[in-house]
Amino acid sequence: MEIVVFGAGSLGSLVGGLLAQPGAHEVTLVARDPHASAVRTAGLQLAGEFSETVAPAAVTDGTELAAELGVVTVKSFDTEAAAAALATGSFDAVLSLQNGMGNEATLAGRLDVPVLAGTATYGALLREPGVVECTGLGEVTLGPRSGGSTPLADRVGEAFALSPLETTVASDMPTRLWRKLAVNAGINPLTALTGTKNEAVLADPATELARTAARETARVARADGVSLSDETAVKTMTRVARQTALNSSSMAQDVRAGRRTEIDAINGYVVERADELGVSVPANRTLTALLRTWEHDCGFR
Ligand code: KPL
């Protein structure tokens with residue numbers, strides 16, 4: 001399958017690199033320089049849990065590209081821009097593998113092709129231009145964004161299964177997106193604010209705050225009509241934190257690098273829906289305010 005990965009940072013490079021295994025798929029990464037030029041010159045080196053060099057194409061301009069599948073891994077606040085770039089090209093389908101909520105709706109609002117929802121729980125770190133490290137094994141889950149099953153989702157699932165990516169095609173993506181939101185709401189802001197690895201949320205003194213953020217997310221999901229128990233939200237968050245224990249979450253990487261974070265689409269989204277639905281979410285509110293204060297100080301808002 002011809003696949004274009006929009007937003008080949010840490011996770012996008014890992015996913016694109018694993019899809020680009022010899023004999024699997026023809027992959028193009030849309031990345032920033034100097035990463036894109038390093039990949040063009042010497043290939044993409046996979047390190048950590050995987051160890052090989054693959055040779056996807058790499059470009060910096062995502063406009064006017066054509067492929068069967070566009071995989072979107074850009075930060076949530078760049079989804080509009082990715083949709084605009086996708087709209088100038090030709091794709092049969094688009095899959096969002098992003099953090100936070102609302103990305104699929106943004107893509108579907110701009111594009112005439114089917115948009116699949118997805119989640120990815122791999123730990124990934126762009127170590128240097130051209131080198132991406134898998135810092136924790138996880139899984140990819142994908143399916144129709146409103147739930148159910150479609151031949152397209154099955155076909156994309158089969159294509160992913162040709163790569164080493166552990167992939168599940170799911171008929172309950174709305175629930176799974178909330179479950180992943182609970183994972184990110186618990187792990188990301190806490191590790192970002194304290195400069196710690198994901199394992200920090202597994203033990204005192206951080207664990208109760210992370211669990212509370214995950215439980216609050218489940219409460220909002222239920223108020224929104226999605227069946228997600230507190231127990232499942234906490235269990236999923238702790239399982240992912242254990243699998244990616246030595247990974248720096250994407251938000252921790254963003255803060256360390258002085259980049260804007262995805263707080264609005266993660267804990268900020270929980271707070272926004274909670275306010276609309278009349279649910280109390282003090283932990284998410286506090287974590288959101290702290291990250292927004294940092295972003296404000298950096299001039300991002
Ligand atoms: O999604 C992630 C992220 O860092 O954004 C996890 C799965 C928590 C891996 O770190």
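1. Helix H7 has these buried residues: Ala210, Thr212, Ala213, Ala214, Arg215, Glu216, Thr217, Ala218, Arg219, Val220 and Ala221. Buried means that 20 or more other C-beta atoms, placed from the backbone, lie within 10 Å of the residue's own. Helices are DSSP runs of H or I with at least four residues, strands are runs of E with at least two, and both are numbered from the N terminus.

2. This is a predicted model, in which local features need pLDDT of at least 70, side-chain atom pairs count only at pLDDT 80 or more, and totals for chains, interfaces and linings use all residues. Residues are numbered from 1 along each chain as its sequence is written.

3. The cover over the buried residues of H7 includes helix H6 (173-194), helix H8 (230-243), helix H10 (267-277) and helix H11 (282-298). Contact here means C-beta atoms, placed from the backbone, within 7 Å.

4. How far apart are the end C-alpha atoms of H7? They are 24 Å apart, which agrees with the 24 Å that its 17 residues (207-223) should span at 1.5 Å a residue. The expected span is 1.5 Å times one less than the number of residues. Just after H7, glycine 225 takes a positive phi of about 90°.

5. The chain is assigned domain 1 (2-170) and domain 2 (173-298), with bounds from an automatic or database domain assignment. Their contact takes 24 residues from domain 1 and 22 residues from domain 2. On the domain 1 side, the elements giving two or more residues are strand S8 (115-120), strand S9 (123-128), strand S10 (131-136) and strand S11 (140-144). S11 gives the largest share of that side, three residues. By class, the domain 1 side has seven nonpolar, 15 polar and two charged residues. Ala, Val, Leu, Ile, Met, Phe, Trp, Tyr, Cys and Pro count as nonpolar, Asp, Glu, Lys and Arg as charged, and the others, Gly among them, as polar.

6. Where does the ligand's shell lie relative to the two domains? It lies between them, because domain 1 and domain 2 both give residues to it. Of the 13 residues around the ligand, Thr121, Ile187, Thr244, Ser249 and Ser250 come nearest; a residue is near if its C-beta atom, placed from the backbone, lies within 6 Å. H6 gives the most to this shell, with four residues. The shell has three nonpolar, 10 polar and no charged residues.

Methods
A residue is buried if 20 or more other C-beta atoms lie within 10 Å of its own, exposed if 12 or fewer, and partly exposed in between; C-beta atoms are placed from the backbone. Two residues are in contact if their C-beta atoms, placed from the backbone, lie within 7 Å.
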